[in-house]
Amino acid sequence: MKGRVLTIIFLVLAVVIVGVVYYRYYFVFGEGTKAGTMNYFVKKGYMFKTYEGRLIQSGIRSQTQGNISSNEFMFSVTDPKVADKLNHSAGAMLELHYKEYLHTLPWRGVSNFVVDSVMSVIPVSPTAP
């Protein structure tokens with residue numbers, strides 16, 4: 001009887017721990033799209049090499065009238081095919097689809113936002129002075 005109770009308690013505790021770990025690290029909290037110009041994209045890390053990038057969203061209005069400030073969207077990428085596409089799109093106007101997680105994992109990157117696809121790439125033509 002005592003062994004059976006301990007087994008049930010252990011199983012319930014194991015299920016709770018697995019549920020908490022799943023919720024904190026693997027549950028997709030939100031997803032959406034962001035558009036802007038890619039500022040940089042790099043593969044970095046000590047043990048786990050991850051792809052990290054920054055998207056500059058232009059035209060975001062600030063609280064004071066007459067000023068326009070930019071908004072930076074920092075993201076990670078886990079798929080090498082998406083990373084290759086982003087690597088060849090530096091300086092272009094991009095529309096990215098992302099998933100937001102509650103916490104990061106070392107092998108997933110340093111950002112809670114993980115880009116899983118590139119929806120559109122529009123090359124930016126340089127303007128003459």
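Author: Let's look at Ser 111, which sits in the loop between β4 (93–101) and β5 (113–122); strands here are DSSP runs of E with at least two residues, and helices are runs of H or I with at least four, numbered from the N terminus. This is a predicted model, where local features need pLDDT of at least 70, side-chain atom pairs count only at pLDDT 80 or more, and totals for chains, interfaces and linings use all residues. Residues are numbered from 1 along each chain as its sequence is written, and side-chain values use heavy atoms, with hydrogens and water left out.

Ser 111 has a relative accessible area of 12%, so it counts as buried (buried is under 20%, exposed over 50%, partly exposed in between, with a 1.4 Å probe and protein chains only). Leaving aside residues up to four places away in sequence, Ser 111 touches Glu 52, Met 74, Phe 75, Ser 76 and Thr 104, where touching means heavy atoms within 4.5 Å. With Met 74 there's a detail to spot: its backbone oxygen is 3.1 Å from a polar atom of the Ser 111 side chain.

Lys 99 lies in strand β4 and Asp 116 in strand β5, so the pair ties together parts 17 residues apart in sequence. Lys 99 is partly exposed at 27%, and Asp 116 is partly exposed at 29%.

Conventions. Polar contact = N/O pair within 3.5 Å; in protein donor to acceptor, adjacent residues only side chain to side chain.
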